[in-house]
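This report walks through the architecture of one protein chain.

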Amino acid sequence: MNSIDSLLHETRRFPPAPAFVENAVAGPELAEAAAADRLAFWGDQSRQLLSWSTPFTQTLDWSEAPFAKWFADGRLNVAYNCLDRHVEAGNGDRIALHWEGEPGDSRSITYEELTADVKRAANTFAELGVGHGDRVAIYLPMIPEAVVAMLAVARLGAIHSVVFGGFSADSLRARIDDAEAKLVITADGGWRKGKVFPLKNAVDAALADGASTVEHVLVVRRGENTVEWTEGRDLWWHDTVEEASDEHDAEAFEAENPLFILYTSGTTGKPKGILHTSGGYLTQAAYTHKNVFDLHPETDVYWCTADVGWITGHSYVVYGPLANGATQVIYEGTPDTPHPARWWEVVEKYKVSIFYSAPTAIRSFMKIGRQEPQKYDLSSIRLLGSVGEPINPEAWIWYRDIIGAGAAPIVDTWWQTETGGIMISALPGLTTLKPGSAQVPLPGISVDVLSEDGTPVGNGEGGLLVVTEPWPSMLRGIWGDPERFVETYWSKFPGGDGEPPRYFAGDGARKDEDGDIWLLGRVDDVMNVSGHRLSTAEIESALVSHPWVAESAVVGANDETTGQAVVAFVIVKASQADVATAAEAADVLRAHVAQQIGAIARPRQVFIVTELPKTRSGKIMRRLLRDVAEGREIGDTTTLADTNVMQIITDKLK
């Protein structure tokens with residue numbers, strides 16, 4: 001990404017087109033209502049967007065801050081809000097999902113059909129002993145059954161924990177154990193880059209010692225892979241769910257009933273189980289999806305390219321779009337298989353009008369060249385979105401010009417697993433767009449940039465990005481660890497003397513001369529690779545688990561395609577020094593990390609070194625290693641225990 005100075009001197013401006021403004025979903029009244037009475041605004045949004053079995057009388061209880069309760073005395077069923085009510089309103093024949101498999105197989109599923117599928121799945125899960133409050137791990141490719149499984153768990157008042165299909169057996173087991181999951185839902189395999197990758201095998205490996213809380217494994221047949229079978233534990237989806245009754249009444253649960261746990265990397269290396277609940281989360285997912293993407297559900301075809309294993313897939317593939325009755329595309333494979341323009345082929349086929357993806361993907365398409373998207377008719381696109389990391393201005397302009405025909409507005413959205421929904425974004429019918437800037441907090445959201453001592457910075461200054469007031473889709477805790485929740489997110493600005501605590505997002509940001517927000521990335525040691533947060537500690541632990549490795553340090557280095565890439569510096573044990581050349585060792589260790597954590601964590605480079613730069617207290621100075629990884633002049637080394645170390649490292653790497 002460009003330096004922040006060049007970003008802040010970005011002078012190109014794109015006001016909304018008059019024709020877009022005329023039909024825009026979000027108008028000036030939205031901000032006016034939020035400014036007049038923030039809590040009344042959120043109460044009104046929730047009543048308008050959702051169906052409540054028992055209406056709430058209190059919008060927010062912040063008396064036990066930082067533990068919030070939103071709409072707490074109301075009751076609703078999340079799956080009913082995403083499905084049944086659309087059927088009851090006469091929209092059962094509207095397409096909910098256009099699903100496209102990587103090999104080219106496809107299915108279009110109406111709201112009526114999806115509702116029936118979810119009811120069958122809910123009946124099956126209930127027969128397997130899943131009830132209110134139980135945890136279910138979902139480890140599936142991007143197939144309709146992933147959406148069905150999530151909604152069926154929600155329908156029962158149970159809690160899902162979706163694990164990205166690229167994670168290893170060890171990562172899966174850690175998440176199953178932490179959540180104490182009763183049921184695992186997986187597939188024999190899923191398509192990726194022209195091959196079927198195995199999933200059931202990883203589940204078997206994760207459960208191999210038999211000491212897990214898992215009672216059943218439900219398996220979708222997708223890839224025709226040969227799988228091992230444990231009688232009494234393993235069941236086929238087609239033998240159970242597809243044979244079940246499609247009659248199921250949705251019970252209403254309290255608004256604060258837990259909906260899902262989603263694990264995200266933490267700086268300690270142990271994944272954090274981020275807990276989201278029902279009423280507040282669904283309110284903000286629906287509100288942001290409708291207003292940020294200017295959704296007209298009767299006519300739009302929406303496509304968010306995220307996997308359901310990440311928060312973007314939860315909020316903007318499953319809950320937000322379906323709560324709003326949208327028609328959407330979901331796609332199983334990678335953007336470049338079976339050919340480099342696969343996504344644009346899908347856009348043309350389904351006449352996608354709203355397209356939401358990551359800067360990583362956009363930069364990949366830039367590398368390939370405009371000739372690929374220009375093979376297809378993309379004229380249906382009227383709005384583009386970006387998520388996962390800041391988008392550099394050049395990629396923003398390319399995205400608008402080549403994919404959006406020089407006209408489609410781009411909403412560059414900032415939010416996190418922890419925030420549950422979008423927090424900062426342009427509103428396409430209101431905001432004059434600036435390439436590269438996240439721009440402004442949404443109506444109803446209070447965000448500021450603070451200095452280390454908690455005072456707001458002025459325009460043109462940088463600091464820490466902080467959410468200053470509670471918001472409906474905020475995380476309600478870290479599963480099983482309330483102390484870690486408080487310490488991780490609220491200890492930087494804990495409040496006191498009548499001041500409430502403020503949420504520190506872990507990101508740096510800067511305000512430009514207009515007060516608009518530009519993101520600077522993580523201030524801790526969590527990397528952002530292709531929009532996926534990875535912990536340096538977790539990758540270092542994986543490296544050190546290899547018998548060759550004595551010590552390791554991992555940094556995130558700027559990368560033109562993925563935003564950040566993993567770069568590792570490794571000290572090999574003396575006893576292993578002659579086992580392999582440095583190049584051979586690097587290849588082995590890259591593969592080892594991918595096997596331990598998942599391919600997303602595979603280092604771009606592994607450098608074999610004899611020393612690491614450490615302070616006198618033993619802390620590794622990762623910023624110096626980042627300088628090396630990014631080819632910069634080495635910064636100040638005066639605090640190092642041995643000031644010659646960096647010279648040795650740079651000489652070796654040259």
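## The largest cavity

The lining of the largest cavity splits into seven nonpolar residues, four polar ones and no charged ones. Here Ala, Val, Leu, Ile, Met, Phe, Trp, Tyr, Cys and Pro count as nonpolar; Asp, Glu, Lys and Arg count as charged; the others, Gly among them, count as polar. The lining residues are Leu76, Asn77, Val78, Ala154, Gly157, Ala158, Phe253, Asn257, Pro258, Leu259 and Ser278. The largest cavity holds about 60 Å³ of space. The count is one cavity of 30 Å³ or more.

A cavity is a set of points, on a 1 Å grid over the protein atoms alone, where a 1.4 Å probe fits but cannot get out; lining residues have an atom within 4 Å of a point. Grid points are joined across faces, edges and corners, and the volume is the space filled by probe spheres set on the points.

## Model and domains

The model is predicted: local features need pLDDT of at least 70, side-chain atom pairs count only at pLDDT 80 or more, and totals for chains, interfaces and linings use all residues. Residues are numbered from 1 along each chain as its sequence is written, and side-chain values use heavy atoms, with hydrogens and water left out.

The domain assignment gives domain 1 (43-86 + 109-294) and domain 2 (530-652). Such bounds come from an automatic or database assignment. The C-alpha centres of domain 1 and domain 2 are 36 Å apart.

## The seven-stranded sheet

Seven strands make an open, mixed sheet in the order S5-S4-S17-S16-S18-S19-S20. Its edge strands, S5 (106-110) and S20 (410-412), each pair on one side only. Neighbouring strands are turned by 15 degrees against each other on average, direction ignored. Strands (E, at least two residues) and helices (H or I, at least four) are DSSP runs, numbered from the N terminus. Two strands pair if DSSP finds at least two bridges between them.

S4 (95-100) and S17 (327-331) are parallel, with four bridges. Glu100 stands opposite Tyr331 in S17. Helix H16 (393-403) packs on this sheet, touching S18 (354-357), S19 (383-386) and S20, and its direction makes about 150 degrees with that of S19. Contact means heavy atoms within 4.5 Å. Axes are lines fitted to C-alpha atoms, for helices over the stretch in contact; angles run from 0 to 180 degrees between N-to-C directions.

## The three-stranded sheet

A second open sheet has the order S28-S29-S30, with mixed pairing. S28 (549-559) and S30 (605-609) are at the edges with a single partner strand each, so one side of each has no neighbour in the sheet. The twist averages 25 degrees from one strand to the next.

S28 and S29 (563-572) are antiparallel over 10 bridges. Asn558 has Gln564 in S29 as its bridge partner. Helix H19 (582-596) packs on the sheet and touches S28, S29 and S30; its direction makes about 130 degrees with that of S30. Helix H20 (622-629) lies across S28 and S29, at about 60 degrees to S28.

## Hairpin and backbone exceptions

S24 (503-511) and S25 (517-522) run antiparallel, joined by five bridges. Lys511 stands opposite Ile517 in S25. Five residues lie between the strands of this hairpin, and Gly515 has a positive phi near 85 degrees.

Most residues other than glycine have a negative phi, and most peptide bonds are trans. Asp294 has a positive phi near 50 degrees. The bond joining Ala65 and Pro66 is cis, with omega about 10 degrees. Thr337 to Pro338 is also cis, with omega near 5 degrees.

Technical notes: On a 1 Å grid over the protein atoms alone, a cavity is a set of points where a 1.4 Å probe fits but cannot get out, and a pocket is an open set with protein on both sides within 12 Å along at least five of seven lines; lining residues have an atom within 4 Å of a point.
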